[in-house]
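Hi,

Here is the structure I promised to pass on.

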Amino acid sequence: MGTSEFAVPALKTVITHEFELIGIVTQPDRRSGRGKRLTPPPIKIVAEQHNLPVYQPEKVRQRDFIRTLERLAPDVIVVAAFGQLLPQSLLDIPPCGTINLHPSLLPKYRGAAPVQWALINGEMETGITLMLLDAGEDTGDIICAERIPIQDEDTTVTLMEKLAGIGANLLVKVLKEIPAAAPPPATPQRHKEATHAPRLTKQTGCIDWHCSATTIHNLVRGTEGWPGAYAFFRENLRLKILRSLPCSLQLSASCRAGDSPARALELQDLSSVPPGTIEIADRQQLLVATGEGMLQLLQVQPATKKAMDARDFVNGYQLKTGERFLPPP
């Protein structure tokens, strides 16, 4: 049971190891893109390439679908980024349990967006947890987990790819060792240590320039794809920030090679510059003052336009030092 790209490596790895797959369950096709074309979930595309039967119930708790699963009689169900909570009536069907791949170190970051919030919150490590699903939200017993460091250059996309690959390999190991007609051994979570990672909203990506450069940079990394980090400029032009790089007040002058000594000292004295103020540095580099430090914008996307390098944005919109991003409307 899966829907997004995160589930694809698990399915492909299970197929490679020749387990008997009796069905793939995913969300219904949805309309997406500018043309609103009906688009199948990534997991469905892989399933059809391997001639696997696909089921797409609008709601898995529907009685007709529960009966379908009962007729299929799976030994075990694997869930990876499926997108719906499973009712107890479904969880009771497989004798070996329902195994979920969750991209966090449970009980930390339970919920729909664990990778995004780990990045937004500036975590230094994360991981993948295989757990036995119960009727709660990521509250089931832990089968195994693997930790990985979060690299400075990681974004939601790169971190998801890493965790999906690790999870696929762990899953195969667990499935090979699963006892007959019984769930794999698992350990209860430390529920008192649980934290929540709710689904992102459009408002999550709105930049507050009073935050530190590092905090805003982490928001850019954690909201990559959707909703994206964004700010408002001039007459409420919505500008997505796609890539950024924080630099401390002390290092701001080094972002501007070739300045005179007097100008370098001026750049270092930025404590009185209001957050959101733009500084056009040497070679058309785009710096923005924050509540702590300067943030260099590397790639941006104005509303209705394609993504572009920051220097192309500077040149195309004729940005000047001293202009400011607007507060959120």
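Let's start with the largest pocket: α6 gives the largest share of its lining, four residues. Helices (H or I, at least four residues) and strands (E, at least two) are DSSP runs, numbered from the N terminus. A pocket here is an open set of points on a 1 Å grid over the protein atoms alone, where a 1.4 Å probe fits, with protein on both sides within 12 Å along at least five of seven lines; lining residues have an atom within 4 Å of a point.

Before you go further: this is a predicted model, where local features need pLDDT of at least 70 and side-chain atom pairs 80 or more, while totals for chains, interfaces and linings use all residues. Residues are numbered from 1 along each chain as its sequence is written, and side-chain values use heavy atoms, without hydrogens or water.

Of its 30 lining residues, Glu20, Leu21, Val76, Ile77 and Val78 sit closest to the centre.

There is also an open sheet with mixed pairing, in the order β5-β6-β7-β8; two strands pair if DSSP finds at least two bridges between them. β6 (98-102) and β7 (125-132) run antiparallel, joined by four bridges, and Leu101 stands opposite Leu130 in β7.

Cheers
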